[in-house]
Amino acid sequence: MANLNSAIDSVFWDQNVSSPQTLEGTARSVPGEPFPVDGARASRSHRIQQLSLLREGFPLGIIPAFAPSSDKRLGSFSLNSLLLSPSSSNWWLGLVGQFKPKKLFADIKANISKAEEWDLQLFKNTTKHIVDKSLYSIGLWTQIALGSSSSLLLSAERHGDKDGLRKKLIFVHPLEKHDLTVEAAWPDLFLDHKGRFWDVPESLNFDVSSLAPESGLHYRFGVHKSKGNPHPVNAAGESYDGGDAPASLMPGLCAKAAVSYKAKRNLWRPKKEEDNTEEDDDTPVFLPYDIRLKEPHAAVSGIVGSSLAAWITGRGMLVNGKKRSLISADVFGSACYTFQKGRFSKLYGDLTRIDARVDVSSASALAKRIFNAVRRSSGSNKTDDTLGSPRLNLIFQQQVAGPIVFKVDSQFQVGAGNYGAQMEDLIYSLNYSLRLLESGKVVAWYSPKRKEGMVELRVFEF
């Protein structure tokens, strides 16, 4: 089924979405906004770990990516590579480099076209372009094991076309049936539902979460602190429209807790006798490419939960013209229908899967929207309208050949546009399943809305 945990994860500040805007390959979703599309959720493995495996399948270990730059001359295309990766039994270190070739080639071409003859001056000018620091970015990561289960991750990255360092610290300590996580970033990059990026100068998270079950009760609580006003990251090089920053990114100290309950019911699944075939089970071609896609079925699933937030500091701040509430509570939920045909084990035509998921990120905003519609009122504010509109997510997966699957993730805002629904996000991807990892795949995705794309390694996730 589609990932229902987005419902509770979207309440907090630490949900990662994939983005090549950073060398880390992630940005945060803005809490309290509509849930991101399923295909936008970032891989659970660190980017360093992904690059160390991905480079085996790319020429010279160079992995391409697309991300708009603030300087249009740099272009969107970049080449990324893991330059160094020493490790021992209790620590590892990784050095990642990025190169954007468009500006270099354009400058060299311009110099050659203007030169009357090939001389030493032409060589010097070419060398000067090659060492242009705006073409290069570099990132350093290290993870240290603290005891048998705890770990500390430190990272820093420098982009040649921007000033300052991006720094991050992540401490993870597994408890009995819980995970404790402490994260700090200077600055922290967030992505809102409109596709805009925001840098928060200083962000600190302390979070305790129960282990997420396949079904049943799940809860989280934690404290978040933001320092400094968020400012837009004008990645596309276009003029900023002057819109207000998301309220949840404004400075302040906030304590938040959320609880959810998830359930699933199978509508149809083949009986055991239907699974018996005459083929040898040891024949590789009949082994599923992904164990999580090995059974055809139809199922419904859902999650419902509630959240409670209390602003300890910054509660009197004006946010979008209104005073921030001291305490706020809300209800959220998702309902999903899944249909899969095929066992994803043959070479052709053995997987067609459709997931349809309806998300309600704020029940109070939805109730207000319905109330205003009944009264035929047009005075509701834009924020409430946005949150009050349910989202319909449609996910389509089709096997192309062997382990290759074409996938489309789309999201529609219900009640908007001229036809009762308006497309809000769309992500195309090609997935190459790795049978040896049981449920691992290489994903090459592209987002027309953000004009971004990258290659990732994802394990045990759709």
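## A walk through the predicted model

Let's start at a salt bridge: the side chains of D71 and R73 meet with N to O at 3.1 Å. The term covers a side-chain nitrogen of Lys or Arg within 4 Å of a carboxyl oxygen of Asp or Glu. D71 is partly exposed at 22% relative accessibility, while R73 comes out exposed at 54%. (Buried is under 20% relative accessible area, exposed is over 50%, and partly exposed is in between, with a 1.4 Å probe and protein chains only.)

Some housekeeping before moving on. This is a predicted model, where local features need pLDDT of at least 70 and side-chain atom pairs count only at pLDDT 80 or more, while totals for chains, interfaces and linings use all residues. Residues are numbered from 1 along each chain as its sequence is written, and side-chain values use heavy atoms, with hydrogens and water left out.

Back to the charges. The count of salt bridges comes to 20. Another of them pairs K103 with D107, with the closest N and O atoms 3.3 Å apart. Both residues lie in helix α3, four residues apart, or about one turn of the helix. Here helices (H or I, at least four residues) and strands (E, at least two) are DSSP runs, numbered from the N terminus. K103 counts as buried at 8% relative accessibility, and D107 is partly exposed at 21%. Then there is E452 with R450, whose side chains meet at 2.9 Å, N to O. Both E452 and R450 are buried. Salt bridges with shared partners also tie D9, D14, R41, D207 and R220 into one network.

While we're in helix α3, which spans residues 102–114, take a look at N111. N111 counts as buried, with 19% relative accessibility. Which residues does N111 contact, leaving aside its neighbours within four places in sequence? They are L122, N125, T126 and H129, with contact meaning heavy atoms within 4.5 Å.

The charged end of R435 sits over the ring of Y289, 4.2 Å from its centre. The criterion asks for NZ of Lys or CZ of Arg within 6 Å of the ring centre and within 35 degrees of the ring normal.

Now for rings meeting rings. A search of the whole structure finds five aromatic pairs. In one of them, the ring centres of W13 and W311 are 6.4 Å apart with planes at 90°, so this pair is edge-to-face. W13 sits in the loop between α1 (6–9) and β1 (16–18) and W311 in strand β16 (residues 297–313), so the pair links distant parts of the chain, 298 residues apart. Both W13 and W311 are buried. The rings of F66 and F77 have centres 5.4 Å apart and planes at 55°, so that pair is tilted. F66 belongs to strand β3 (residues 62–66) and F77 to strand β4 (residues 77–84), 11 residues apart. F66 is partly exposed, with a relative accessible area of 39%, and F77 is partly exposed too, at 32%. As for the rule, rings of Phe, Tyr and Trp (its six-membered ring) pair if their centres lie within 6.5 Å; planes under 30 degrees apart count as stacked, over 60 as edge-to-face and the rest as tilted.

On to a sheet. Five strands form an open sheet in the order β1-β2-β10-β11-β14, with mixed pairing. Its edge strands are β1 and β14 (231–233), each pairing on one side only. Strands pair if DSSP finds at least two bridges between them. Strand β11 (residues 197–200) and β14 run antiparallel and are joined by three bridges. One place to look is D199, whose bridge partner in β14 is H231.

Most residues other than glycine have a negative phi, and most peptide bonds are trans. W186 and P187, however, are joined by a cis peptide bond, with omega about -10°. P187 is in the loop between β9 (178–186) and β10 (188–191). K177, not a glycine, has a positive phi of about 65°. K177 lies in the loop between β8 (165–175) and β9, and is exposed at 62% relative accessibility. K451 has a positive phi as well, near 55°. Its place is the loop between β24 (440–447) and β25 (452–459), and K451 is partly exposed at 47% relative accessibility.
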